[in-house]
Amino acid sequence: MLARCFVLFALGSIGFAQTTTLPKTPGATTSTTNPSAQAQNTAAVPPATPTRAEILRGAYGPFRANNDLLYYHLDVRVDPVAKTIAGKNSVRFKMLSNATRIQIDLTETLTVDKIVMGTTELHYTRDAGAVFIDFPETLHTGQTYTIDFFYSGKPVAKGRFGGMVFDHDSTGRPWINTACEDDGSSIWWPSKDQWRDEPQEGMDISVAVPNGLTDVSNGRFLSKQDLGDGYTQWNWRVHYPINSYDVALNIGAYEHFSDTYKANTPLTLDFYALPEDLDKAKTQFAQAKGMLDAFTHYFGPYPFYQDGYKLIEVPYAGMEHQSAVAYGNHFANGYLNRDWTGVGISPRFDFIIIHESGHEWFGNAVTAADRADMWIHEGWTTYLESLYVEFHYGKPDALKYLGGLVPKVRNRTPIITEPGTNQEPPQDQYFKAALMIATLRSVVDNDPRWFTLIHDFYQHFKYQTTTTEAVVAWWNASLKQDMTPFFNQYLRRTTIPTLELNFDEAQGIVMYKWQAEEPGFAMPVKVGSEGHWQTIHPTREWQWMKTGLSKEQFSVATELFFVNVSKT
């Protein structure tokens with residue numbers, strides 16, 4: 001069906017009398033655009049000029065590109081009283097070209113104590129958070145090397161989630177958490193602070209904290225060791241590649257309980273909450289199984305089986321830390337005690353459990369190579385929310401849920417920002433991108449095929465970092481059509497497409513075309529009346545069709561296609 005749909009994109013009014021006198025083509029000033037929904041088309045704003053620090057962090061420069069990460073071992077001690085962190089990160093990497101310099105990143109507010117390779121102390125220079133490490137001899141292509149990067153200091157709490165925050169719970173006990181997607185992993189630990197390269201052999205995390213406290217980090221719990229000096233070391237093993245911003249410390253007086261998700265291979269579920277919240281957590285965290293039911297159905301097994309799934313109480317809303325999902329949604333459905341989409345659906349489930357866990361599939365297993373392409377994380381995971389609704393409550397409620405996203409769209413700047421600049425994409429990467437994906441489903445117009453496509457899409461990119469270009473190429477190949485104009489219009493242009501309709505009711509004719517910035521944009525869309533939709537194939541040139549409906553009766557399926565409509 002899809003192939004035929006695209007073949008007809010460029011065709012005119014086949015099957016209609018060619019002797020009919022066409023209505024006059026409307027001029028630019030004769031149409032009154034009425035948005036098909038409540039998307040807020042606000043004035044565009046120019047992108048900010050990136051700073052040197054942003055470019056050093058965002059660009060995959062020569063001293064990053066010359067090596068491939070293999071493994072980290074982050075071994076630190078955290079002092080809640082002094083509010084300090086100290087230790088080392090052992091970095092194993094393979095050289096991709098001969099060189100004498102590599103780049104590791106660490107915020108300027110933390111001290112580099114020393115960097116060594118074996119017994120040789122290495123020279124380094126610092127520039128706006130980048131640490132350029134120089135070697136006395138050439139590192140050779142294909143060879144593997146390990147450095148130990150020692151550091152210490154007081155992390156600065158900043159940004160959306162705080163970076164690394166030393167706080168206390170309601171009873172005064174230390175409660176320390178990290179969350180650094182916005183500010184980058186180098187705000188609290190030395191790392192290759194970018195998205196393109198992940199340690200292919202995983203990592204170990206060793207965290208020493210005062211006795212009586214627990215550290216919960218990513219991966220599989222291995223052991224804890226009393227160090228004999230009032231501290232206990234907690235050891236975790238990550239068996240998969242991991243994005244540096246996903247690496248997390250969660251330190252507190254946690255209580256632990258566990259369960260098992262019964263699949264073909266049992267999946268361990270581990271939950272951590274403060275003692276006073278334990279009973280609420282046991283009730284609320286049970287939703288994790290329903291989440292796993294839905295996303296396993298659509299995409300395949302939970303991607304980090306060896307590490308297990310963890311849900312950890314934190315003092316902020318939540319974060320998708322790989323195999324250690326952070327939860328702070330007040331043990332209530334909806335999002336922070338409100339109906340997230342305003343249509344009565346989100347109060348049925350805990351938004352943070354569903355959304356942040358959805359990132360295990362998109363964001364953690366499938367990762368954007370550059371922050372500019374972050375819609376691959378957020379747009380897909382927001383769409384996953386609707387799939388959760390569809391799995392448990394049916395497609396009509398899923399469409400209703402998606403409709404609740406429309407007022408959140410702003411259309412101020414394109415979703416995709418300039419690559420290599422570490423620019424924050426706009427919030428449209430969540431809502432507009434999810435509605436674009438839902439629209440793509442309507443373009444495919446075959447649900448069994450759609451579900452096969454999104455399953456295969458995920459499986460193709462699993463455990464990889466990727467780009468928008470690679471994603472679009474996959475869809476082009478899978479649909480055997482050039483979908484580039486479709487993706488460009490929604491991702492690289494500011495406005496959503498408008499279907500212009502011009503009626504001559506005396507002759508029973510409606511003319512139609514797309515008003516879209518992207519050359520070649522030609523998306524099929526359903527029009528007519530609900531229950532009797534007819535698919536038309538507009539381009540950016542006027543076409544016409546016969547209709548027995550008046551202008552008021554003639555509708556566009558805007559619950560299926562995220563578009564605006566203009567009638568004259």
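Predicted model: local features only at pLDDT ≥ 70, side-chain atom pairs only at ≥ 80, totals over all residues.

User: How do you know which way helix 9 runs relative to helix 12?

Analyst: Helix 9 (residues 428-444) and helix 12 (residues 484-491) pack at an angle of about 155 degrees, and their axes are 10 Å apart; the axes are lines fitted to C-alpha atoms, for helices over the stretch in contact, and angles run from 0 to 180 degrees between N-to-C directions. Helix 9 is therefore roughly antiparallel to helix 12, since that name is kept for angles over 145 degrees, with under 35 being roughly parallel, 65 to 115 roughly perpendicular and the rest oblique.

User: Which residues meet in this pair, and into what classes do they divide?

Analyst: From helix 9, Lys432, Met436, Thr439, Leu440 and Val443 meet Phe486, Phe487, Tyr490 and Leu491 of helix 12, where contact means heavy atoms within 4.5 Å. The residues of this contact divide into seven nonpolar, one polar and one charged, with Ala, Val, Leu, Ile, Met, Phe, Trp, Tyr, Cys and Pro counting as nonpolar, Asp, Glu, Lys and Arg as charged, and the others, Gly among them, as polar.

User: What makes Asn411 buried or exposed?

Analyst: Asn411 has a relative accessibility of 1% and therefore counts as buried, the term for values under 20%, with exposed meaning over 50% and partly exposed in between (1.4 Å probe, protein chains only). Asn411 sits in the loop between helix 8 (395-403) and helix 9, and its phi is positive, at about 55 degrees, although Asn411 is not a glycine.

User: Where is Lys480, and what does its relative accessible area make it?

Analyst: Lys480 lies in the loop between helix 11 (468-479) and helix 12. With a relative accessible area of 69%, Lys480 is exposed. Phi of Lys480 is near 55 degrees, a positive value in a residue other than glycine.

User: What does the relative accessible area of Gln194 say, and what does its side chain reach?

Analyst: At 5% relative accessible area, Gln194 is buried, and its place is in the loop between strand 11 (174-179) and strand 12 (203-210). The side chain of Gln194 reaches the backbone nitrogen of Arg196 at 2.8 Å, and a polar atom of that side chain lies 2.8 Å from the backbone nitrogen of Asp197. Apart from neighbours within four places in sequence, Gln194 is in contact with Arg57, Tyr60, Arg64, Asn243 and Ser244.

User: How is Tyr463 classed by its relative accessibility?

Analyst: Tyr463 has a relative accessibility of 33% and so counts as partly exposed. Tyr463 lies in the loop between helix 10 (447-461) and strand 23 (464-466), and its side chain reaches the backbone oxygen of Pro303 at 2.4 Å. Leaving aside neighbours within four places in sequence, the contacts of Tyr463 are Tyr240, Pro303, Phe304 and Ala365.

User: What name describes how helix 7 and helix 10 lie to each other?

Analyst: The axes of helix 7 (residues 375-393) and helix 10 come within 14 Å and cross at roughly 135 degrees. Helix 7 and helix 10 are therefore oblique to each other, and their crossing is left-handed.

User: And how do helix 6 and helix 7 lie to each other?

Analyst: Here the axes of helix 6 (residues 351-358) and helix 7 come within 8 Å and cross at roughly 130 degrees, so helix 6 and helix 7 are oblique to each other. The residues of this contact divide into four nonpolar, four polar and two charged.

Terms used
Residues numbered from 1 in each chain as written. Heavy atoms only, no water. Helix = DSSP H or I, 4+ residues; strand = E, 2+ residues; numbered from the N terminus. Polar contact = N/O pair within 3.5 Å; in protein donor to acceptor, adjacent residues only side chain to side chain. Left-handed = near helix turned anticlockwise from the far one by under 90°.
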